[in-house]
Amino acid sequence: MYKKIEGVNEVAKKRSSDFTLFLTVLILVVIGIIMVFSSSHYYALSKMNDSYHFLKRELMWAGLGMIGMFFTMNYDYWKYRKMAPYAYIFSLILLLLIFTPLGKEINGARRWLGVGGFTIMPGEVSKICAIIFMASMLSRRTEKIKSFVNGVIPCLVIIGIYFGLIILQPNMSTAVTISMIIASMMFVAGMRWFHVMAMGIGGIGFLAVMILIAPYRMKRLTSFLDPFSDPRGAGYQVIQSLYALGSGGLFGVGLGKSIQKYLYIPEPQNDFIFAIIGEELGFIGCVTVILLFLLLIWRGVRISINAPDLFSCLLASGITAMVAVQVIINIAVATSSMPVTGIALPFISWGGNSLAIFMAAMGILLNISRHSNLDRR
């Protein structure tokens, strides 16, 4: 078992955080603020009578996220290991509170907790709590993860608890995201390839059953295969997204000049903001955003590989997987490469809770980078 390295804090104080990662995060946040305003100003004006509604809130959450990032950058990450059981229990309590009067139902889904004018998505909080808990659990059970009974099954129970509570909202995209994050951490911890393949096959089969038993999920699947078969119904969002991406061409129609944001794409500042980027900034803008995410993921992988202990390695890999999974799903949905599901594009889509949590998570990653020897070949 890995143990905390004595004197690691003293060494870390002399070493700065990964500047490349820090700069990449800031650039993505700035792009997000600009694109949220560009994509939402007409929607906000027509629905809230204030074209700056989403911009003001995005700036507020970005400010809170920056405070959170600087705090987690300087907070000893090893202390999260002791806090892991409490983080797990806290996330379960939040998920259960959704089914009380505190839960808010919007568009047929009960995914938010609201007190006064303040709302929070427990599913977003659960992602980082699950990462901390699994990093602690797996770092203490390094040899057991190779055993299906003693290692894999306990992890599957954790996945099942999170999946069950979140799918009841219903929120299949977040449930799948957390499951994939935990599975990736199990793989990094040393799970056998046979178990990896068995989990993958089992997961695909389980998702197929979940789609078959829910008519609206089945409709999303059929509309993905042929969105033009129902252009005013299930295929509407995908078709409008493809129109936006196609009309952008190489350089785009220009920042702020999107046509699809004029209520053609519902709430364009949310899950389909990548389509607005494609329309306004073109292929060049899309590639730039993708390259920034690839750079962030690459730095996260390097930090994880060079981490000084197994706990920080798993913590860094979980945070990196959280970003990677959401980026892949969001862009795949916007480009009609997979069925429509609601998942935010990290740092860019509108969503205050998500932005603040992702920035705080990046602070943890930057903290670990101080202890990682990134110059090692």
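Predicted model: local features only at pLDDT ≥ 70, side-chain atom pairs only at ≥ 80, totals over all residues.
In which helix is L225 found? L225 belongs to helix α9 (residues 215-225), where helices are DSSP runs of H or I with at least four residues, numbered from the N terminus. The relative accessible area of L225 is 65%, so this residue is exposed; the classes used here are buried (under 20% relative accessible area), exposed (over 50%) and partly exposed (in between), computed with a 1.4 Å probe on protein chains only. A distance of 31 Å separates the C-alpha atoms of L225 and I161, which lie 64 residues apart along the chain.

Residues are numbered from 1 along each chain as its sequence is written, and side-chain values use heavy atoms, with hydrogens and water left out. The protein chain has a mean pLDDT (the predictor's confidence in each residue, from 0 to 100) of 86, with 93% of its residues at 70 or more. Confidence in the protein chain is highest in helix α11 (residues 273-305), at a mean of 94, and lowest in helix α1 (residues 8-14), at 50.

The expected span of a helix is 1.5 Å times one less than its number of residues. For the 25 residues of helix α12 (residues 310-334) this gives 36 Å, and the end C-alpha atoms are 36 Å apart, which agrees. Of the 25 residues of α12, 24 are buried, and the helix is thus mostly covered. The N-terminal end of α12 is capped by D309, a side-chain oxygen of which lies 3.3 Å from the backbone nitrogen of F311; a polar contact is a pair of N or O atoms within 3.5 Å, where, within protein, one must be able to donate a hydrogen and the other to accept it, and residues adjacent in sequence count only if both atoms are side-chain atoms. Just after α12, S336 adopts a positive phi of about 60°.

Helix α10 (residues 236-248), with 13 residues, reaches 19 Å from its first C-alpha to its last, close to the expected 18 Å. V238, I239, Q240, S241, A244 and G248 are the buried residues of α10, and their cover includes α11 and α12. Just after α10, G249 has a positive phi of about 65°.

Aromatic contacts were then considered. A pair of aromatic rings is described by the distance of the centres and the angle of the planes. Rings of Phe, Tyr and Trp (its six-membered ring) pair if their centres lie within 6.5 Å, and planes under 30 degrees apart count as stacked, over 60 as edge-to-face and the rest as tilted. The structure holds 13 such pairs. One of them, F37 with Y52, is stacked, at 5.5 Å centre to centre and 10° between the planes. This pair links distant parts of the chain, with F37 in helix α2 (residues 19-48) and Y52 in the loop between α2 and α3, 15 residues apart. Both count as partly exposed, F37 because its relative accessibility is 27% and Y52 because its value is 46%. The rings of Y75 and Y80 form a tilted pair, because their centres are 5.5 Å apart and their planes lie at 55°. Y75 is partly exposed at 22%, whereas Y80 is buried at 7%. Ring pairs also link Y43, F54 and W350 into a cluster. The charged end of R299 sits over the ring of W298, 4.8 Å from its centre; this assignment requires NZ of Lys or CZ of Arg within 6 Å of the ring centre and within 35 degrees of the ring normal.

H53 lies in helix α3 (residues 53-74) and counts as buried because its relative accessibility is 19%. Contacts of H53 (heavy atoms within 4.5 Å) are made with A44 and M48, residues up to four places away in sequence not being counted.

Most residues other than glycine have a negative phi, and most peptide bonds are trans. N49, in the loop between α2 and α3, has a positive phi near 60° and is exposed at 67%. L263, in the loop between α10 and α11, has a positive phi of about 70° and is partly exposed at 40%. Q169 and P170 are joined by a cis peptide bond with omega of about -5°, and P170 is placed in the loop between α6 (148-167) and α7 (172-189).

Conventions
Helix = DSSP H or I, 4+ residues; strand = E, 2+ residues; numbered from the N terminus.
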